[in-house]
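Student: Hey, could you walk me through this protein? I'd like to start with the charged side chains.

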Amino acid sequence: KKERLLAIRSAIAATADRQAVSSRGHVVDDVRGLPLIVVDDIQELKTAKEVQSLFVKLGVWADVLRVKLRGGKGPLIVIADDRGIGRATSNYSGVDVVKVGNLNAELLAPGTHPGRLTIWTESAVGRLNELFR
């Protein structure tokens, strides 16, 4: 259990390191700052068009296109409650949505390579302390 929690904590820390994220092949040139923390309202997005608009505003659309053309792991969206975003992102291959309680090291660091481009909701970040102490 201690090893698993340590692996998750290390993978979470790597999501804030621009060098680690870009070394995985993610396109983060247009991203202002890492980690990407957004308001909880994104959990209520219902359509792929709304999700695309979010990706463009955050500067990660180029990375979503990269994954679509090349294959592989794209951005990970960590939420507290799924109110529609899980279904809205299903059209984008490589983009994963996960509830914060279901986080694991494989989602955060696929293939044991840390630094996956991760978008966090505010409530998910708030729940990290109680889940991974």
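Student: So, is Arg-66 buried or exposed?

Tutor: Arg-66 is buried, with a relative accessible area of 16%. Buried means under 20% relative accessible area, exposed means over 50%, and partly exposed is in between (1.4 Å probe, protein chains only). One heads-up: this is a predicted model, where local features need pLDDT of at least 70 and side-chain atom pairs count only at pLDDT 80 or more, while totals for chains, interfaces and linings use all residues. Also, residues are numbered from 1 along each chain as its sequence is written, and side-chain values use heavy atoms, with hydrogens and water left out.

Student: Okay, and what does Arg-66 form a salt bridge with?

Tutor: With Asp-63, and their closest N and O atoms are 2.9 Å apart. A salt bridge here is a side-chain nitrogen of Lys or Arg within 4 Å of a carboxyl oxygen of Asp or Glu. Asp-63 is buried too, at 0% relative accessible area.

Student: How many salt bridges does the structure hold?

Tutor: It holds 6. Another one joins Asp-96 and Arg-116, at 2.7 Å from N to O. That pair links distant parts of the chain: Asp-96 is in strand E3 (residues 96–99), and Arg-116 is in the loop between helix H6 (105–108) and strand E4 (118–121), 20 residues apart.

Student: What about networks, which residues are linked in one?

Tutor: Glu-44, Asp-81 and Arg-83 are linked by salt bridges in a network. Within it, the closest N and O atoms of Asp-81 and Arg-83 are 3.6 Å apart. Asp-81 counts as partly exposed at 37% relative accessibility, and Arg-83 does as well at 38%.

Student: Switching topic: how many helices and strands are there?

Tutor: There are 7 helices and 4 strands. From the N terminus on, they run α-α-β-α-α-β-α-β-α-β-α.

Student: And what share of the residues is buried?

Tutor: Of the 133 residues, 43% count as buried. The C-alpha trace spans about 40 × 30 × 25 Å along its principal axes.

Technical notes. Helix = DSSP H or I, 4+ residues; strand = E, 2+ residues; numbered from the N terminus.
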